[in-house]
Amino acid sequence: MGTAMVRREDPALLTGRGQYVDDVDPPGTQSGGTEGSPPGGTLHAFVVRSPVAHARIASVDVRGARAADGVVAVLTAADLDAAGVGPMPGGEGMPAGALNPPFPVLAAGTVMWAGQPVALVVARTPALAADAAELVDVTYDELPAVTSPLAAAAPGAPVLHDGGPEGNVSFRARLAAGDADAAFARAAHRVRQRMTSQRIAPVTLEPRGVLAWVRGDPRAGDGRLEVRLPTQRPHGSRRWLSAMLGLPPERIHVVAGDVGGAFGAKGPIYPDQVAVIFAALTVGRPVKWIEERGESFLATTHGRDQVADLEMAVAADGRITALRGVVHAGFGAYLTPNAPGSLLGRLGPMLPQGYRISAIDVELVGVLSNTPPIGPYRGAGRPEGAYFCERLVDLAATATGLDPAELRRRNFIGAGEFPYTTCTGLVYDSGDYQAGLQEMLTRLDRTALETERARLAAATGELLGVGIASFVEPGGITPGAGHAGGAPDAGDQATVTVSPSGAVTVAVGTSGHGQGHETAFAQLAADLLGVPCEDVTVVFGDTDTAPFGYGTFGSRSAVAGGTAIYRACQAVLEAAKRADAPLPVAQAAARLGGLSATAASGAPPETYASGSYGCVVAVDPATGAVRVLRVVAVDDCGVVINPLLVEGQVHGAIAQGLGQALCEEVAYDAAGQPLAASLMDYAVPFAESMPPLLESYLVCTPSPANPLGVKGMGESGTIGVTPALVNAVMDALRPYGITHLDMPLTAEKVWTAIQAAR
Amino acid sequence: MFPADFAYARAGSLAGALAQLDAAATAGDNVKVLAGGQSLLPMMKLRLATPATLLDIGDLAELKDIAADGGQLRIGALATYRDLQRDPRITAGFPAIADALTVLADPQVRARGTVGGALAHGDPAADLPPVLLALNARVTIASRAGTRTVALEDFLRGVFSTDLADDELVTAVTVPAAPAGQAYEKFAHPASHLPLAGACTVIEVQGKAITGTRVAVTGIAPRAFRIDLPQRDLASRSVSALRAELADGDSAGGPELDAMLAGALEAAMAAAGAEPLADQHASGPFRVHLAAVMARRALARALSRADAPAGADE
């Protein structure tokens with residue numbers, strides 16, 4: 001542990017030997033892509049999607065498509081209804097009485113967003129499926145559409161679904177503790193700001209997809225449904241499919257295989273995937289579907305989409321005494337499983353961040369609109385909560401005249417105050433926020449930056465900006481007892497097997513998708529068992545070979561999977577000891593004919609990583625362009641298993657946070673049409689957008705909440721860099737009296753604000 | 001990303017290609033010429049273009065030559081961006097073209113994309129057209145009926161629209177000798193990295209006087225276009241006065257020059273009845289402003305090159 005080992009998964013992935021879903025065919029078959037290929041080859045699906053944001057479906061005519069060359073099946077809602085398939089899972093953890101409309105697999109009666117699946121064409125080749133899809137004739141009677149959460153919650157907005165208590169509002173929840181109004185009445189300073197965390201797209205390198213086939217007749221209790229699904233949650237997906245298809249879980253085998261990035265978006269299962277799996281069951285042949293890049297902007301969940309109207313009360317000495325206001329969160333047209341949880345369990349409760357704030361009164365409003373469903377996206381509520389708080393803290397610094405770092409220092413929860421229960425009911429395990437901030441400030445060197453500010457202005461006319469942000473990141477959540485098919489309170493499982501040859505296999509229920517779990521978990525087991533790392537093989541992502549797990553999301557795998565592996569390794573060592581077998585463990589296994597143990601994580605408490613980030617930017621007043629000169633990242637994620645992997649997470653997350661801060665936005669026109677549905681229009685950061693050096697440093701306060709002392713940290717860069725960057729740009733614009741601009745900070749937005757201030 | 005069905009033909013000679021185009025035009029067949037394919041093939045994969053036949057002219061070696069004739073350069077239509085980048089006659093004699101090539105797309109696209117293809121495509125947000133416009137380039141066009149030459153100014157029409165008829169093929173671009181004072185500046189679209197606004201400036205200097213200025217811009221209107229007003233405005237300045245004004249850069253001299261250039265751009269667009277391009281990243285008026293800033297910066301760089309001894313850059 002603690003060694004910067006290079007990722008063992010990379011050689012295969014970097015030399016094109018990865019096995020992504022599009023790389024595989026069912027055993028014994030080949031793609032049916034050529035004329036005269038043998039019957040039984042893999043068929044290919046194309047999804048017919050709604051071209052409009054909101055409409056009644058007047059008619060669907062699939063006769064032309066069914067008659068087209070190479071077409072094997074065309075499915076619509078009627079076929080799924082007849083088989084009783086659906087609805088999609090959604091709305092876990094929503095408050096009682098919330099509006100959670102049934103989410104159909106294929107649209108029936110109405111379409112709710114531009115891109116919603118309406119029909120599925122299955123043909124011999126992908127091209128033939130695409131050709132035939134053009135022949136599916138759907139008549140839409142268009143309805144007015146609404147796409148932003150504020151507009152959708154406003155009276156008179158077009159209403160998507162019947163049966164809600166308040167139009168498109170799914171629920172209103174109040175997060176209250178202490179006497180916020182009294183604190184505001186007493187406050188020397190009150191800062192208030194409307195802030196947007198705009199809707200953004202996950203943009204995974206590998207788009208979504210699925211390949212499904214049947215062996216035997218699983219519906220008759222014979223054989224199985226085989227599903228190759230790039231997912232973060234193999235066991236959870238099996239459970240969802242079981243419920244939707246009416247098959248027992250043991251008749252479904254889910255394999256994730258290599259997954260080319262997910263960032264939360266491959267946590268849910270999607271209607272297009274379910275339709276493809278149903279098609280494979282129906283036609284009895286393998287069916288594959290691979291999402292196109294443009295399609296992903298219409299069909300994959302988006303992240304964020306919140307508007308916060310928040311107010312912070314600050315005493316004369318800079319103490320933050322209360323938060324109040326309202327946050328409207330867009331959910332899209334239907335609720336995905338964790339949409340309510342990101343708002344109610346993450347964004348809201350994390351608003352106080354690492355500060356000693358004793359009163360809060362915030363209303364959290366979930367709103368439906370004519371847009372793709374919102375899903376988890378790198379941080380899922382954490383970056384938004386931190387962004388809103390850290391922007392307000394900077395505004396409070398301006399109001400009080402205190403240095404932004406000093407204001408944070410005066411409000412941090414002290415290193416001696418842990419475990420600390422926040423006013424929102426979270427129990428922070430450990431931390432030393434002062435130390436992290438101080439380390440960052442030392443590295444940043446704000447004194448030297450003042451010299452640089454003058455030099456830059458003279459040299460290029462650019463305005464230098466320096467911004468900081470501190471944050472707390474919850475990680476390692478284990479969903480509630482019995483959720484998604486898990487054993488109550490058992491958590492995730494790991495099986496550690498030492499063969500008589502000394503080879504060790506670690507099978508774990510947390511399913512990685514690019515994070516480096518094969519490397520990290522091998523290091524962990526090697527250390528615990530006292531064997532060379534090369535002797536350890538890590539297995540996950542397959543419901544046959546991996547024991548139960550909730551999957552990988554919410555920075556949970558080191559905490560939950562790591563704890564399960566720790567316990568399984570301890571059990572193996574105990575077994576050797578009980579048998580009086582000699583250590584090291586390889587010798588014991590040789591004598592005993594092998595050793596194996598399965599253990600569960602037992603739902604360890606969440607961990608709370610923390611960090612302080614500094615950003616330096618240069619703003620060109622002639623164009624409004626923002627250049628990121630430096631990002632200084634100081635993270636505290638407790639005990640580190642592999643610092644190289646931690647750094648990799650920080651780098652990637654910084655790129656994604658920088659993207660939200662500067663350029664990314666999923667926007668719609670008045671009719672609900674997306675303005676960007678390709679990478680020619682949707683702006684992700686390029687390598688050249690990143691600062692030349694990524695300055696990533698670690699401090700460590702071990703977590704007492706799990707036996708390894710680790711804390712989840714997969715989102716930290718996204719959480720820290722977004723407010724730090726916006727704070728830096730506002731610092732650069734201080735001469736113009738500009739105090740807030742909403743993300744993304746495009747050149748036009750910055751230039752226009754400068755012009756208005758001149 | 002699967003194109004609709006299409007037929008594929010490979011031209012063996014220029015005459016053969018022109019005969020095929022002629023026959024297709026007569027029959028009303030939808031034939032598209034495939035050169036580097038860097039714009040056409042993505043459009044086909046998105047089914048935004050659905051030609052019945054692709055006529056691949058990649059074998060026509062006679063269209064790949066870059067030939068110098070005095071200071072004039074004749075660039076074959078099939079010369080790739082990379083061919084241009086590696087040609088010392090371009091890098092030494094036409095630094096504005098070199099500027100554009102370094103910020104144009106990526107190495108893969110530059111290895112395949114061709115000069116003729118780029119012009120025939122008529123993309124309103126492309127890097128080379130403003131440079132070639134400012135350099136007074138002419139386009140050579142062949143058909144079965146013969147060959148004609150047209151000024152690039154008259155060749156470009158509008159969004160994906162040019163003077164090229166269905167039976168015609170761009171065979172070459174001719175660039176006359178140009179002064180050393182030339183440069184291209186670009187503000188890249190954050191997603192596509194095509195120019196949100198790009199400007200090329202060519203400045204002629206004799207002694208202390210500015211004797212000519214040509215400015216052409218891209219990315220802001222349905223086609224790249226030239227403006228002539230700055231020449232009149234700038235000619236009233238001496239070289240040293242302009243240099244002093246430009247040296248103040250964005251802090252002092254910028255806004256005044258920017259406003260003058262933006263006014264000229266707006267007037268030219270109004271005269272042509274051209275609506276500014278706009279998308280979620282940049283409105284029309286902002287693109288015009290950006291083009292003015294890029295033109296001013298190109299002017300500063302062109303001026304520094306005009307002063308520099310041959311072969312030396314700033």
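Start with chain A and colour its two assigned domains: domain 1 takes in 429-476 + 606-758, and domain 2 covers 483-600. Bear in mind as you click around that this is a predicted model.

Next, select where the two domains meet. Domain 1 of chain A brings 17 residues to the contact and domain 2 of chain A brings 15. Stay on the domain 1 side and pick out β18 (463-475) and α18 (643-662) of chain A, the elements that each give two or more residues to the side touching domain 2. Which of the elements has the largest share of that side? It's α18(A), with three residues. Colour the domain 1 side by class and you'll get six nonpolar, nine polar and two charged residues.

Now move to a pair of helices in chain A: α11 (residues 382-400) and α12 (residues 404-411). Their axes come within 9 Å and cross at roughly 105 degrees. Angles of 65 to 115 degrees count as roughly perpendicular, so that is how α11(A) and α12(A) lie to each other. Show side chains here: α11(A) makes the contact with Val393(A), Asp394(A), Ala396(A), Ala397(A) and Thr400(A), while α12(A) uses Pro404(A), Leu407(A) and Arg408(A). By class, this contact has five nonpolar, one polar and two charged residues.

Time to go inside. How many residues does the largest nonpolar core have? The count is 337, and the ones with the most contacts inside the core are Val121(A), Ala525(A), Ile565(A), Val617(A) and Val729(A). Then hop over to chain B and select helix α13 (residues 284-307), which provides the largest share of this core, 13 residues.

Back in chain A, centre the view on Val729(A). Skip its neighbours within four places in sequence, and the contacts of Val729(A) are Gly465(A), Val617(A), Val619(A), Val626(A), Leu745(A) and Val750(A).

Last stop: the place where the chains touch. Chain A puts 23 residues into the contact and chain B puts in 20. On the chain A side, select α4 (126-133) and α20 (747-757), each of which supplies at least two residues. Of the elements there, α4(A) gives the most, with four residues. Colour that side of chain A by class to finish: 14 nonpolar, three polar and six charged residues.

Technical notes
Residues numbered from 1 in each chain as written. Chains lettered and ligands numbered in written order. Predicted model: local features only at pLDDT ≥ 70, side-chain atom pairs only at ≥ 80, totals over all residues. Contact = placed C-beta atoms within 7 Å. Nonpolar A, V, L, I, M, F, W, Y, C, P; charged D, E, K, R; others polar. Core = buried A, V, L, I, M, F, W, Y, C linked by C-beta atoms within 7 Å. Buried ≥ 20, exposed ≤ 12 C-beta atoms within 10 Å, placed from the backbone. Domains from an automatic or database assignment. Axes fitted to C-alpha atoms, helices over the stretch in contact; angles between N-to-C directions. Parallel < 35°, antiparallel > 145°, perpendicular 65-115°, else oblique.
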